[in-house]
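Subject: Structure for you to look at

Hello,

I am passing on the structure we spoke about. Please look it over, and then read the notes below.

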Amino acid sequence: GLDYIHNFNQNYGLQTGLYYSGVGQKYSGTVTNYYIPKDDSTKINYQSHVYMDYIRIPFLLRFNSVMDDQDNINMSIFLGFQLGYLFNVSVYTSQDAPDSVLKRYPNFNFKQLYNAFDFGLCAGAQLNFKIRDWEYAHIGVRFDRSITNIDNLNYVLPDNAPVEWLYPVSTKKENRLSHDDVLAAYPSQYISLNVYIGMSFRIKKITPPVHTIRDDDNSQ
């Protein structure tokens, strides 16, 4: 992604940007055989993966340690909120599950199972290495976490929906009472720990105010 940083002074500033984020979740285990009426003892080996593509925009406060002219490295810490837009969802399931969703519903839009927007927290720190007066390299770590549930609980699954659609994927599905038992599900949240490297280029330099040295009698 890309960042834009505006520093008010050497220590404090604001940061925003535009990121692509590819995340997902997976489930591996057994599920109740919903396809045999009144039989909850038969288990099916089942695996499922969900891949979600987000565009994220952060709104962050930023603290920078002072980098003097003779220094080549300093640290930045940032904290704030971010808004995410879900533009694509892909689901893959094991072929061992009967009546696979990939066979019965090849054109189903899995975005319906999730909210289009996600609101969350973002925090991190990075080291800044000065290459030239206007060019810097960075290495950092950031933690992202949703505040809201990413599942769309307002969407009602059809009665004949296959077992692969029971969401969230991370929930053990043998504990679910029915297809529409969304209240029995654990909330799904976006959680991500990222390590990144990057480059930045300064487009404007902040000139510190000139300090005037005075004698004790207030004369220059």
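A residue is called partly exposed when its relative accessible area falls between the 20% limit for buried and the 50% limit for exposed. Y12 has a relative accessibility of 47%, so Y12 counts as partly exposed. Please keep in mind throughout that this is a predicted model.

Overall picture

The chain holds 1 helix and 7 strands. Read from the N terminus, the order of elements is β-β-β-β-α-β-β-β. Of the 220 residues in the chain, 37% are buried. The accessible surface amounts to about 13800 Å², and carbon and sulfur atoms account for 58% of that area. Taking the contacts between residues at least 6 apart in sequence, 69% are between residues at least 24 apart.

The nonpolar patch

Y12 sits in strand β2 and belongs to a nonpolar patch on the surface. The other members are F8, L14, L61, F63, I73, M75, I77, L127, F129, I139 and I197, and with Y12 they have about 1100 Å² of accessible area together. Two or more residues of the patch come from each of β2 (12-32), β3 (43-64), β4 (73-93) and β5 (117-132). Strand β4 gives the largest share, 3 residues.

Around E135

E135 belongs to strand β6, which covers residues 135-146. Is E135 buried or exposed? Its relative accessibility is 9%, and because buried means under 20%, E135 counts as buried. The side chain of E135 makes a polar contact of 2.4 Å with the side chain of R132. With neighbours within four places in sequence set aside, E135 is in contact with F129, K130, M199, S200 and F201. One of these, F129, is also listed in the nonpolar patch.

Around M199

M199, another of the contacts of E135, is in strand β7, residues 191-201. The relative accessible area of M199 is 46%, so M199 is partly exposed. Beyond neighbours within four places in sequence, M199 is in contact with I131, E135, Y136, A137 and H138. How far apart are M199 and A137 in space, C-alpha to C-alpha? The distance is 4.6 Å, while 62 residues separate M199 and A137 in sequence.

Regards

Definitions and conventions
Residues are numbered from 1 along each chain as its sequence is written. This is a predicted model: local features need pLDDT of at least 70, side-chain atom pairs count only at pLDDT 80 or more; totals for chains, interfaces and linings use all residues. Side-chain values use heavy atoms; hydrogens and water are left out. Helices (H or I, at least four residues) and strands (E, at least two) are DSSP runs, numbered from the N terminus. Buried means under 20% relative accessible area, exposed over 50%, partly exposed in between (1.4 Å probe, protein chains only). A polar contact is a pair of N or O atoms within 3.5 Å; within protein, one must be able to donate a hydrogen and the other to accept it, and residues adjacent in sequence count only if both atoms are side-chain atoms. Contact means heavy atoms within 4.5 Å. Patches are made of residues with over 30% relative accessible area and no salt bridge: like charges are joined within 9 Å, nonpolar side chains (Val, Leu, Ile, Met, Phe, Trp, Tyr) within 5 Å. Accessible areas come from the Shrake-Rupley method with a 1.4 Å probe; for residues, only the protein chains shown count as cover. A salt bridge is a side-chain nitrogen of Lys or Arg within 4 Å of a carboxyl oxygen of Asp or Glu.
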